[in-house]
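Work through the exercises below with the sequence and the coordinates open. Each task is followed by a solution in steps.

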Amino acid sequence: MAQLVELRSIDVVPDEERHGTAFGQFTLWLGANLQITAVVTGALAVVFGGDVVWSVTGLLLGNLLGGAVMALHSAQGPRLGLPQMIQSRAQFGVRGAVVPLLLVVVMYVGFFASGSVLAGQAVGELTHTDDTTGIVVFAAVTAVTATVGYRVIHALGRVASAVCALAFVYLAVRLLDRADVSALLHDAHFSLPVFLLAVSLSASWQLAFGPYVADYSRYLPRTTSTKATFWWTLSGSALGSQWSMTFGVLVAATAGERFLDSQVGYVVALGGTGLAASFFYFVIALGKLTVNVLNTYGGFMSMVTCVSGFRGQRRLSRAGRAAYIALVMVAGTTVALLGKDSFLSSFKDFLLFLLTFFTPWSAINLVDYYLIARERYDLPALTDPNGRYGAWRFDALAVYAAGLLAQLPFLATSFYTGPLVDPLGGADVSWIVGLAVPALLYWLVARRGRVVLPAPEPGVDPSAAQRTAL
């Protein structure tokens, strides 16, 4: 057990501790996406007015576009050996990175809560208790798994990808046996706003993984192909999410109110009764455990990055690790218990709201890494407020703010609708603006005066040799 417990947090993973292959990204992200919340996300496309054909098409487009952005972040992991969000210090400064980091922590807590609501229903049924007890038990198991760390997280992903894939194949067969597929396919009526909502739902799902995806590829050997990491991550995440969301579309189109009244109950009843029902409750809990562990682990990493930017801390004790993870668990569980009775109505707005804040960060991070720094960062400077990247980079923070503001006229939520939404027929295209505007602005601002670091010598571990350039 001692060998399984991860010792590292936001420090660089040295070459001698690197292991695994890029294929591990496929099983992890497939398992993380074959789960009930992705099913609900797909169902929302129909709940808010879409038909089967155009909902599935829009979700596919969003999964591919958002998944490609997410996979570009994943490819940074083997190269740098660092968690995703600490890399933001190269763009925003050692302390300035706390601005997007705080929003990321809110995201993790929100996803932890939303996952716990549905998983809690399944655990409550398995333990013959109630939803509240199920949420608390599920949260505790999540925290323990996240505390153990990287190896167990990937092992969980391998198990979940196999078990959940088999379960979803069986559920799909049962659903298609009940549904009039021909009628559903012929009832196609294209509506641009509803189509773009489907695209936005799946794109936001994928983009929300961006702030932590490299956390789970950073132990791969530095020689791992960037293309391999990209494609295995994209294929696992896009396949898993599209599979689940398509299932959700079909369930919503055929079951209607029966599904809306009890998402978990309907899916389990579709699978059978007795022992079969118990198995599907377990599958739902397993799928949610996989992704909620990612949220907990990512939240812990982000909080450590926030604090260390001001304290200069690079290593974390096991007790400190457990304390940070406990904070994420308590916050997420509290939100889950408070919001469990209004889950479906608030989840869509939560997803699209997150998208507003993370598309500008994603654009800035990717432009800086691939176009400005050319995949090379001064690693020691990422922990030094007086170093190359400084404490605060107000130019990048200004671009980030501009990216947020540029989206507002195009944003459509229940609590705010921008002035340009109606002229576009009610379509929300804010996420496209949130990628394009800050990407262009940051490229114009950052390319002046930025020195590209030299490539490392072949066979040299930059972290062990304490080189200033990766």
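**Exercise 1: a helix pair**

Task: determine the hand of the crossing of α8 and α14, then describe their packing.

Solution. α8 passes α14 in a left-handed crossing, meaning that the near helix is turned anticlockwise from the far one by less than a right angle (clockwise would be right-handed). The model is predicted, with pLDDT of at least 70 needed for local features and 80 or more for side-chain atom pairs, while totals for chains, interfaces and linings use all residues. Residues are numbered from 1 along each chain as its sequence is written, and side-chain values use heavy atoms, without hydrogens and water.

Next, the geometry: helix α8 (residues 150–178) and helix α14 (residues 275–311) pack at about 145°, their axes 9 Å apart. Helices are DSSP runs (H or I, at least four residues), numbered from the N terminus. Axes are lines fitted to C-alpha atoms over the stretch in contact, and angles between N-to-C directions run from 0 to 180 degrees.

Last, the contact (heavy atoms within 4.5 Å): residues of α8 including Tyr150, Leu156 and Ala160 meet residues of α14 including Phe279, Val283 and Tyr297. The residues of this contact divide into 18 nonpolar, 3 polar and no charged, with Gly counted as polar and Cys as nonpolar.

**Exercise 2: a salt bridge**

Task: which residue does glutamate 6 meet in a salt bridge?

Solution. Apply the criterion: a side-chain nitrogen of Lys or Arg within 4 Å of a carboxyl oxygen of Asp or Glu. The partner is arginine 321, at 2.8 Å from N to O. Then place the pair: glutamate 6 is in the segment before α1 (23–33) and arginine 321 in helix α15 (residues 318–339), 315 residues apart. The count of salt bridges is 7.

**Exercise 3: valine 194**

Task: locate valine 194 and list its contacts beyond four places in sequence.

Solution. Valine 194 lies in helix α10 (residues 192–207). Its contacts, leaving aside neighbours within four places, are Ala45, Phe48, Gly49 and Gly50.

Key
Helix = DSSP H or I, 4+ residues; strand = E, 2+ residues; numbered from the N terminus.
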